[in-house]
Amino acid sequence: MNHFPEAWGRPRNDVYGAYDHSYLQTTGPKAHTSSPAVTGTSVVGVKFNGGVAIATDNLASYGSLARFSDVKRLRTFGDKAIVGFGGDVSDMQYLDRLLASMDINENYSPRGNMLNAKNLHTYLAKVFYKRRSEFNPLWNHVLVAGFDGEGEPFLSSADLLGTTFSAPHLATGFGAHLAVPILRRKFPEGMPLEEISQEDAVQALKDCLKVLFYRDARSIDKYSIAVVTKDGIDLKEDEQIQGQSWAFAERIKGYGAQTV
Amino acid sequence: MFRNNYDNDAVTFSPQGRIFQVEYAQEAVKQGSVVVGLVNKTHAVLVGLKRNAEELSSYQKKIIEIDSHMAIAIAGLASDARVLSNFMKQQSLGSKMTYGRPIPLDRIVSQIGDRAQTNTQHYGKRPYGVGLLVAGVDEAGPHLFEFQPSGLTQEMAACAIGARSQMARTYLERNLDKFDGCSRDELIQHGLSALKETLSQDKELTVDNTSVGVVGVTNGKKESFKLYEGQDTAALLEVLEQRESAGAEAESMEVDS
Amino acid sequence: MTSIGTGYDLSNSVFSPDGRNFQVEYAVKAVENGGTAIGIRCKDGVVLAVEKIVTSKLLKAGANKRIASVDRHVGIVSAGLVPDGRHFVSRARDEASSWRSTYKGPIPTSALANRLGGYVQAYTLYSSVRPFGITAIVGGWDSEAELPVDGQVGTGPKSGSGGKVEGAKAGGPGLYMIEPSGLYWGYYGAATGKGRQTAKAELEKLDLSAGNLSLVDGVKEAARIIYVAHEDSKDKDFELEMTWISSVDGPTKGRHEEVPKELFDEAEKAAKQSMVGDDEEEEEKTQGEQMEE
């Protein structure tokens, strides 16, 4: 060490060689979020005669760690729309605040002109697309449930790229692989909405969540489920998956501590 | 040169708390030719009297479509109206783009109101010299708003602004309770009758000087804004004439058949 | 008036030799011509009421609201230049929204009044602007319950470090009145506009500082006071508009809302009746004639 203050606390050049400043480059491309941190897994939604049902589990994972087990991933907007969030939880919180400020703004106008679920979906998809175009994506995949301008049940998805997709039943994340086949079996293509009751839709969601809990390692058996009808939103946030049977697990071979 | 020391600009209050520049701007509205607006549970109607600068010139547009669900009628400085209507078109388009929703009327009206208010509170700006009637339909049904240079916007059941508009307002006040039971066509006729009241002796409504705009909802379905000008107004004016002569025969002001 | 002709009253932000800003005083004149507006701070909420003079028969009845919401828990009513009032409300909404984006929660009424006071005061500082031609009454309820932070998704620990404090209470009703000078005070009962003197006299009778008046009674008093204050401009038609804000446990659940029709009608009817009772010189009028007045 010498008497120059700028050298204090530095390894001695005569011992370690001059410091290589190239390690401290501040120039170069600016980097934004390139992977999510704390994440929620699948969202599942089904349209039925007179409304839409939507469900998520209550887990937020930090990598493979089940970090938070009471996270509400269904967020209401007004009394006729609901958004289910998969993906990054902090980005979900950002979007939730955005939705809250929109809700406040909407209520400044007299009744009768509230944004419906379809309007909300259009908007959210634009937000996602704008952010990904700035290389600063909001790392989510959402389902928006509610009603469109004609008063018909509405269910549509938007993802971190701004991609939108709509179908009578939808699932994001792992659910897109595991839940959609189940829903397609229960509600085959061409089945009129009028033939799907609210009870069928809710039961289908519960079945999907159970299968997802069996097979998705980032899921948990506590879940939230919401039903949107003309009467409003019925949201339950502290549910428990019932009637589990792990018998099937016995037949699964080829991983873990199994020796046979 | 000035009437007093307090009317040089829009940022000076008079000792009575008035802002003369704003009041003078309201006078500019009265110089414009008359426009009438009226609304009932299903439709909103705008009618306007167009003026031409000289015999061979074209007529100044009085009704401007903002979007398929909304239009404005103007009285006063037409160039100021164009600034406002361009702004309204942008906002309306923006709402359709971002939300897929036609902009609610009260929103866009308060936006132009706020813009106009700014012009009355900052030096170097002047109030808009135009009054507007904004008619349109949104999720809450048909609406009619009046916009004034002061930035004041009010929702009206019926309204008339511009030169000699008092006569039209008197007509509207007298017939106000009839509008709600009116059909689309009857509402237009009431608008034309109100407009006609404002004409001086030597003037009459013709296909050249009359504009009619209608927007509404029929059986829950939105009916896009429709503008009648030129020969399109001929049929409407004909009905007006029939009703008036029928009314004259019955020796009554009322022309409901 | 000593101000006229001196030249000190022609521009904003100019002091006269005796230390007055005449343009601000003239702005107050604009307020004094506006319809009466009042606010009452009750023990379990706040009531706002305004007398809307009906300038034309062609106005759509009941459509032109003069009391505006800011965020969900604050209401603002003003007397004076209506477009200035809208500007003021729009600023209040911006303040509330920027507060939310910084602190992730609703703005306390006192903080909102403070920021708006600062904003209005700024319009007395420059010759390039004019003061606001309004006096605004800001009423709100700051939640005493523990609110979730905006965007909060979980409940967090139930006890221990970072846990909840049992039974902690904060918040309550707030009522402030902001003048064209930017000056503002907190009030138990506030009145501005044309009938403010009458309204103030009535408010003082209520002994509001004792904190006994209930919200529902406050609504009825507000209606009555607007009717009493209207006596000064009896020849003009007017519409009454009233809003209220209660605690989370109260009828509005902490939100600023219009007084529900049933209670509104009851309050207005009682107000009309009290006017008939007061005015003994006038012959008794039927309800219908009262309506047309």
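1. In this predicted model, B:V214 and B:K226 are bridge partners, the latter in β10 of chain B. The two strands concerned are β9 (residues 210-218) and β10 of chain B, which pair in the antiparallel sense over six bridges. Strand β10(B) covers residues 221-228 and also holds B:F225. With a relative accessible area of 9%, B:F225 falls under the 20% cut-off and therefore counts as buried. B:F147 lies 78 residues away from B:F225 along the chain, and the C-alpha atoms of the two are separated by 20 Å.

2. The pairing of β9 and β10 belongs to an open sheet of five strands in chain B, with the order β8-β1-β2-β9-β10 and antiparallel pairing. Strands β8 and β10 of chain B are the edge strands, and each of them pairs on one side only. On average, neighbouring strands of this sheet are turned by 5 degrees against each other, direction ignored. As background, the strands of a sheet pair through backbone hydrogen bonds, in either a parallel or an antiparallel arrangement.

3. Strand β1 of chain B (residues 35-39) deserves a separate point. On one side, it is joined to β8(B) (residues 158-161) by four bridges, and the two run antiparallel; B:L38 has B:A158 as its bridge partner in β8(B). Strand β1(B) also pairs with β2(B) (residues 43-49), again in the antiparallel sense, over five bridges. Here the partner of B:G37 is B:L46. Three residues lie between β1(B) and β2(B), and the two strands form a hairpin.

4. How much of β1(B) is covered? Five of its five residues are buried. Both faces are covered: B:V35, B:G37 and B:V39 are buried on one side, and B:V36 and B:L38 are buried on the other.

5. Chain C also has an open sheet of five strands, in the order β8-β1-β2-β9-β10, with antiparallel pairing. Its edges are formed by β8 (189-192) and β10 (256-258) of chain C; each has a single partner strand, so one side of each is left without a neighbour in the sheet. Within β8(C), C:A190 stands opposite C:G39.

6. The buried residues include C:L215, C:G218, C:V219 and C:E221. Further along the helix, C:I225, C:I226, C:Y227, C:V228, C:A229 and C:H230 are among the buried residues.

7. C:P131 is found in the loop between α3 (109-122) and β5 (134-142) of chain C. Its relative accessible area is 0%, which means that C:P131 is buried. In sequence C:P131 and C:A27 are 104 residues apart, while their C-alpha atoms are 6.5 Å apart in space.

8. Most residues other than glycine have a negative phi. A:F135, which is not a glycine, has a positive phi near 55 degrees. It lies in the loop between α3 (117-133) and β8 (140-147) of chain A, and A:F135 is exposed, with a relative accessible area of 68%. C:K104 is not a glycine either, and its phi is positive at about 60 degrees. The loop that holds C:K104 is between α2 (82-103) and α3 of chain C. C:K104 is partly exposed, with a relative accessible area of 24%.

9. A:L24 is located in the loop between α1 (13-16) and β1 (38-40) of chain A. At 57% relative accessibility, over the 50% cut-off, A:L24 counts as exposed.

Note on methods. Residues numbered from 1 in each chain as written. Chains lettered and ligands numbered in written order. Predicted model: local features only at pLDDT ≥ 70, side-chain atom pairs only at ≥ 80, totals over all residues. Heavy atoms only, no water. Buried < 20%, exposed > 50% of the residue type's maximum accessible area, 1.4 Å probe, protein only. Pairing = 2+ DSSP bridges. Axes fitted to C-alpha atoms, helices over the stretch in contact; angles between N-to-C directions.
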